[in-house]
Amino acid sequence: MSDEHTHQNFETRAIHAGNTADPLTGAVVPPIYQVSTYKQDGVGGLRGGYEYSRSANPTRTALEENLAALEGGRRGLAFASGLAAEDCLLRALLAPGDHVVIPDDAYGGTFRLFAKVVSRWGVDWSVADTSDPAAVRAALTDRTKAIWVETPSNPLLGITDIAALADVSRTAGVKLVVDNTFASPYLQQPLALGADVVVHSLTKYMGGHSDVVGGALVTADEALGEELAYHQNAMGAVAGPFDSWIVLRGIKTLAVRMDRHCANAERVAEMLTQHPKVTQVLYPGLPEHPGHEVAAKQMRGFGGMVSFRVAGGEEAAVAVCDRAKLFTLGESLGGVESLIEHPGRMTHASVAGSALEVPGDLVRLSVGIENVDDLLADLRQALA
Ligand SMILES: Cc1ncc(COP(=O)(O)O)c(C=O)c1O
């Protein structure tokens, strides 16, 4: 992050970091530089340091500077999707024979990347309950290069103590990677807690309006940032100028959106705990959640995601999803509109039969920023 922004509060950085007025016109919003190449003033004479938009593009640079400032990191990198960011990170960090510890609860696509893609290149992985630092320590081998954490996790809303795992990873000399998609940097700052790299699906809260797919990596360290930038260019799955611009636009309202997501989700979770058709509510804001104290320590709020289990099993859970009206039935999360889904048959179908398999009676909500009374009424009718 540039020194100019280090003293600023989060909401100010979200609006100003990377968003300098256009030097040519004074436009207060960075333009969409929809361009692939740049005129050189003589061979090698680059005007603004730009030569080809896979390597760098001014609109993407604006987003990357903003991301680094929001996560308190040295380097931000924007990709075509969250999985493209993860793929780049794994190939930069790992070589055949290396081993990674992955969580027993994670986004199904992340698990699929490890289990079906990266493993084919000779990278080994094992699953651990990352909410238990001793279990992670026990899963380390002399070939382990990284510990991967998702907190809160998708879809079970498990909480991992980032500072505790940073101790484990530092002692073992391995990298700690935190997927910060569910929390966003407004609620949680993994690098300040000792993580080496933060991963984002920008598709979710950062974009915030269900209108773009994107991903990001932010590093604590300049050297690792350089290494990842090299791989970003060499592998090529960069964020395009328009996608970068629309994420940058979404981020400006991240703080106010997250406050409302959190407030609405707390009310929804509270209502569900009282409902006779709900057997369990998974939300880190509830005092009975096993990760509540850790979440209260490392997060500013408990987030907008709520999962719950429905009495009557899988078919009953599917029926609730089908009956919801205001909650749109669909994958993804983090947009202003509320979404409902059945992880077992939708987002997490790829983990069926694995250690990450999710219960069939589970429903996941992405609680939006609509009026909460309307949201509660819709859930009550869907559960009736
Ligand atoms: C926690 C988490 N990480 C990563 C991803 C992958 O991101 P993308 O869909 O942008 O590739 C997702 C997508 O749902 C996710 O929920």
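**Cysteines, charged pairs and the modified lysine**

Cys262 counts as buried, because its relative accessibility is 7% and the cut-off for buried is under 20%. Keep in mind that this is a predicted model. Cys88 is buried too, at a relative accessible area of 1%. A disulfide would be a covalent bond between the sulfur atoms of two cysteines, but the count of disulfides here comes to zero.

Now for the charged pairs. Side chains of opposite charge can pair when their charged atoms come close, and the model has 16 salt bridges. One of them joins Arg75 to Glu226, with 2.6 Å between the closest N and O atoms. That pair links distant parts of the chain: Arg75 is in strand β1 and Glu226 in helix α9 (residues 222–235), 151 residues apart. How open are the two ends? Arg75 is partly exposed, with a relative accessible area of 23%. Glu226 is partly exposed as well, at 44%. The pair also belongs to a network of salt bridges, in which Arg74, Arg75, Glu222 and Glu226 are linked.

Stay with Arg75 for a moment, as it takes us into the strand pairing. Strand β1 covers residues 75–79, and four of its five residues are buried. Its partner is β7: the two run antiparallel and are joined by five bridges. Within that pairing, Arg75 has Thr219 of β7 as its bridge partner. So what does Arg75 do overall? Because it is only partly exposed at 23%, its side chain still has some open surface, while its salt bridge goes to Glu226 and its strand bridge to Thr219.

Where pLDDT is low, the predicted coordinates should not be read in detail. Over the chain, the mean pLDDT is 96, and 99% of the residues reach 70 or more.

β7 also brings us to the annotated lysine. The loop between β6 (197–201) and β7 (215–219) holds Lys204. An unreviewed UniProt entry places the feature "modified residue: N6-(pyridoxal phosphate)lysine" at Lys204. In this model Lys204 counts as buried because its relative accessible area is 14%, and buried means under 20%. Which residues does Lys204 touch, leaving aside neighbours within four places in sequence? The contacts are Thr181, Ser332, Leu333 and Gly334.

Most residues other than glycine have a negative phi, and most peptide bonds are trans. Ser332 has a positive phi, near 75°. Ser332 is found in the loop between β10 (328–329) and β11, and is partly exposed, with a relative accessible area of 25%.

Leu157 counts as buried, at 2% relative accessibility.

Arg170 and Asp167 meet in one, at 2.8 Å from N to O. Both lie in helix α7 (residues 162–172), three residues apart, about one turn of the helix. An α-helix has 3.6 residues a turn, so residues three or four places apart point the same way. Arg170 is exposed, with a relative accessible area of 55%, whereas Asp167 is partly exposed at 43%.

A last pair is Asp361 and Arg309, whose closest N and O atoms are 2.8 Å apart. Asp361 counts as buried at 15%, while Arg309 is partly exposed at 26%.

How values were computed: Residues are numbered from 1 along each chain as its sequence is written. This is a predicted model: local features need pLDDT of at least 70, side-chain atom pairs count only at pLDDT 80 or more; totals for chains, interfaces and linings use all residues. Side-chain values use heavy atoms; hydrogens and water are left out. UniProt positions are given in the numbering used here, feature names are shortened, and annotations may be inferred rather than shown by experiment. Buried means under 20% relative accessible area, exposed over 50%, partly exposed in between (1.4 Å probe, protein chains only). Contact means heavy atoms within 4.5 Å. Two strands pair if DSSP finds at least two bridges between them. A disulfide is a pair of cysteine sulfur atoms within 2.5 Å. A salt bridge is a side-chain nitrogen of Lys or Arg within 4 Å of a carboxyl oxygen of Asp or Glu. pLDDT is the predictor's confidence in each residue, from 0 to 100.
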